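I opened my notebook and went through this model one feature at a time. Here is what I looked up, in the order I looked.

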Amino acid sequence: MNESWVINGDSPVPVSSAVVLEALRSRIDSGHFETWLTSSTGRLLAFVTNTERAMVMLLEDEGDPGEHAVDPGAEGSSDGFVLSNGQDDEYADEDTVPLGVGLGFVEQIIGMGSWPADARWVADR
């Protein structure tokens with residue numbers, strides 16, 4: 001079965017890996033730093049950015065603690081991860097990835113259904 005993804009709160013039309021980066025960049029440019037996508041199988045993909053780094057999480061369903069991309073060895077922390085409810089989060093840099101890397105992860109997950117082979121991620125289950 002082919003999995004399709006929609007951006008929550010946007011059009012009900014599925015986004016492909018070919019257009020998801022443009023959609024995310026447009027959302028970031030308009031001040032939407034948190035984006036949730038839902039797949040046709042019920043999986044969820046979260047993307048939250050401060051425009052420099054990104055938190056990327058993949059959940060099997062709504063109650064799943066999921067898994068998230070990591071940047072082992074990154075030091076410090078970054079703030080400015082503004083959620084849709086206005087909350088401004090700060091994350092350890094090792095629990096986020098550079099923005100371009102995070103966008104690539106989203107593109108891969110939307111297109112292939114899984115993390116890239118060279119991605120570093122940890123399960124939070």
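How do the axes of helix α1 and helix α2 cross? First, some housekeeping: I am reading a predicted model, where local features need pLDDT of at least 70 and side-chain atom pairs count only at pLDDT 80 or more, while totals for chains, interfaces and linings use all residues. Residues are numbered from 1 along each chain as its sequence is written, and side-chain values use heavy atoms, with hydrogens and water left out.

**Entry: two helices.** I found that the axes of α1 (residues 17–29) and α2 (residues 99–112) come within 8 Å and cross at roughly 140°. That makes α1 oblique to α2. (Angles under 35 degrees count as roughly parallel, over 145 as roughly antiparallel, 65 to 115 as roughly perpendicular and the rest as oblique; axes are lines fitted to C-alpha atoms, for helices over the stretch in contact, and angles run from 0 to 180 degrees between N-to-C directions.) I listed residues in contact, meaning heavy atoms within 4.5 Å: Ser-17, Val-20, Leu-21, Leu-24, Arg-25 and Ile-28 of α1 meet Leu-99, Leu-103, Val-106, Glu-107, Ile-110 and Gly-111 of α2. Helices (H or I, at least four residues) and strands (E, at least two) are DSSP runs, numbered from the N terminus.

Entry: I followed β2 (residues 34–39), which pairs with β1 (residues 5–7) in the antiparallel sense over 3 bridges. (Two strands pair if DSSP finds at least two bridges between them.) β2 is also joined to β3 (residues 44–49) by 5 bridges, again antiparallel. Glu-34 has Val-48 of β3 as its bridge partner. Between β2 and β3 I counted the 4 residues of a hairpin, and Gly-42 in that turn has a positive phi of about 95°.

**Entry: Ser-39.** Is Ser-39 buried or exposed? I noted a relative accessible area of 6%, so Ser-39 is buried (under 20%; exposed is over 50%, partly exposed in between, with a 1.4 Å probe and protein chains only). Ser-39 sits in β2 and is the bridge partner of Trp-5. Its side chain makes polar contacts with the side chains of Glu-3 (2.8 Å) and Thr-41 (2.8 Å). (A polar contact is a pair of N or O atoms within 3.5 Å; within protein, one must be able to donate a hydrogen and the other to accept it, and residues adjacent in sequence count only if both atoms are side-chain atoms.)

**Entry: Asn-50.** I looked at Asn-50 in the loop between β3 and β4 (53–59). Asn-50 is buried, at 13% relative accessible area. Its side chain reaches the backbone nitrogen of Glu-52 at 2.9 Å and that of Arg-53 at 2.7 Å.
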